[in-house]
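Thanks for coming. I will take one chain today and go through how its elements pack. Please have the display open.

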Amino acid sequence: MDIHSKTIHQRIDWVLEVAQRHSASYCSPEEFLARERYLAEHPSAIVVLKCMDGRINIPVATNTPPGIIQPIRNLGGMFNLGWPHLGEVLANFVHDKVTTGRRVLMLITYHFSRGDKHRGCAGFCFDTEAAIAHTYAIKRQVEHVFGLGHGTVYPIVCGFETDDDALILHGASGEVLDASRLAPGAESTLSLRLETLFPDMPNQVRHDLLPLILGNIAHIAEVKRAARTLDIEHREWMMCVGRGFDFLHMPNLALIIGPYSPDLADPSGGGDCREQYARRAYSG
Ligand SMILES: [Zn+2]
C-alpha cells in the first residue's frame, strides 16, 4: 500500500493499526523470548544518538530485532550532555545497565548521502564536515561524563550513508570502516578489523557490535537489489514529539523529535535549511 496516496484520516487509522500490530507482536511470547535470547548472547546495551530524519532507522538498517537498540533523536543528531533531561536520561540508562553487569555501546551518528549533497542532513545545512565535528564534540562529552578508559561506556562516532543505509564506523585513530565496502565474505576477518579499529574496546562489546555490522552488510545487499528511488528523501508526513515511537519501525514516514533539547522551537521550526526541511517534509 502506498500510504502517501491516502487521505489523512486513512493515514491516522493506519498509524493506530500499526501501533496495535506492533504492540501485539512485541508482547508475544515468541518476540519476548527472541529478545531475551538476543540479550543473553549480546548483553551490551546499545544506545544510538541520531538525527530525527525519518530515513535514519538503525534497527532496520542492521536487521536488529525491535527493542534492542535504544534510540535518542533530535534535529541533526545535535546533542549537549549538559541539557538537563538528556543528561538525566543517559545517566539513568547507563546506571540501570551497569548495575546488572552490562556495558553500554553508544553510537553517536551523523548522516549524509554519497549521491547528492542535498540528500544530506538539513539540520546541518548539508555540511557533513560540520556534522562530523559535532559528533566528535558529543563523544568528548560522553568521555568526560562516563570515562576516557571506555571500560563501561564505549562511544563510537558513526556515519550513516542514506543512499545505501550503510554504517561508517570511525576508529580510534581516525581510520574508518565502511560497511558498504565490505563483502559478505568479510565476516571471518571483521572481528580482527574491529580490534584494530578500536584497540581499547572490551571483547564483549566487540562481540556485540559484530552482529550490527553483519546485519548492515545484509541490509545493504537488499537495498542494492531493491534499487529504491533516492529522490524521495523526505516523505515524512508525521511529526512525533517525545519518546516511545519505536512502533514506527519503518523509515521515512515521521520526523521524531526527542524531548531533550531545552529549546524545542529549534527542531520543530527553525530557520534557513531547517525551515525548508520541515516545509518539504509536510508538502510531500
Ligand atoms: Zn539530519
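This is a predicted model: local features need pLDDT of at least 70, side-chain atom pairs count only at pLDDT 80 or more; totals for chains, interfaces and linings use all residues.

Residues are numbered from 1 along each chain as its sequence is written.

First, the overall picture. The chain has nine helices and eight strands; these are DSSP runs, H or I of at least four residues for helices and E of at least two for strands, numbered from the N terminus. Of the 284 residues in the chain, 35% are buried. Buried is defined by 20 or more other C-beta atoms within 10 Å of a residue's own, exposed by 12 or fewer, and partly exposed by anything in between, with C-beta atoms placed from the backbone. A contact is a pair of residues whose C-beta atoms, again placed from the backbone, lie within 7 Å. Among contacts between residues at least 6 apart in sequence, 65% join residues at least 24 apart.

Now the core. The largest nonpolar core has 55 residues. Such a core is a set of buried Ala, Val, Leu, Ile, Met, Phe, Trp, Tyr and Cys residues joined through C-beta atoms within 7 Å. Leu105, Met106, Ile108, Cys158 and Leu167 touch the most other members. The largest share of this core, seven residues, is supplied by strand S3, residues 104-112.

That brings us to S3. Nine of its nine residues are buried, so S3 is largely enclosed by the rest of the structure. Val104, Met106, Ile108, Tyr110 and Phe112 point one way, while Leu105, Leu107, Thr109 and His111 point the other way.

What lies beside S3? On pairing, the criterion is at least two DSSP bridges between two strands. S3 pairs with strand S4, residues 153-161, in the parallel sense over nine bridges, and Tyr110 stands opposite Gly159 in S4. Strand S1, residues 45-51, is also parallel to S3 and is joined to it by five bridges. There Ile46 stands opposite Leu105, and Leu49 has Ile108 as its bridge partner. S1 also runs parallel to S2, with six bridges between them, and Leu49 stands opposite Ile72 in S2. Seven of the seven residues of S1 are buried, so S1 too is largely enclosed by the rest of the structure.

Leaving aside neighbours within four places in sequence, Ile108 is in contact with Leu49, Thr135, Ile138, Lys139, Pro155, Ile156, Val157 and Cys158.

Next, helix H5, residues 128-146. S3, H5 and S4 make a right-handed β-α-β unit; right-handed means that, with the strands pointing away from the viewer, the path from the first strand over the helix to the second runs clockwise. H5 has 19 residues and reaches 27 Å from first C-alpha to last, close to the 27 Å expected at 1.5 Å a residue, where the expected span is 1.5 Å times one less than the number of residues.

Which residues of H5 are buried? They are Ala131, His134, Thr135, Ile138, Val142 and Phe146. An α-helix has 3.6 residues a turn, so residues three or four places apart point the same way. The buried residues of H5 are covered by elements including S1, helix H4, S3 and S4. On the face turned away from the buried side are the exposed residues Glu129, Ala133, Arg140 and His144. After H5 comes Gly147, with a positive phi near 110°.

For contrast, take helix H2, residues 29-41. Of its 13 residues the number buried is zero, so H2 lies largely in the open.

Met78 sits in the loop between S2 and H4. Is Met78 buried or exposed? Met78 is buried, with 22 other C-beta atoms within 10 Å. Met78 and His134 are 56 residues apart in sequence, and their C-alpha atoms are 7.2 Å apart.

Gln204 is in helix H7, residues 203-226, and is partly exposed, with 15 other C-beta atoms within 10 Å. Gln204 touches Pro43, Ser44 and Arg103, not counting residues up to four places away in sequence.

Conventions:
Two residues are in contact if their C-beta atoms, placed from the backbone, lie within 7 Å.
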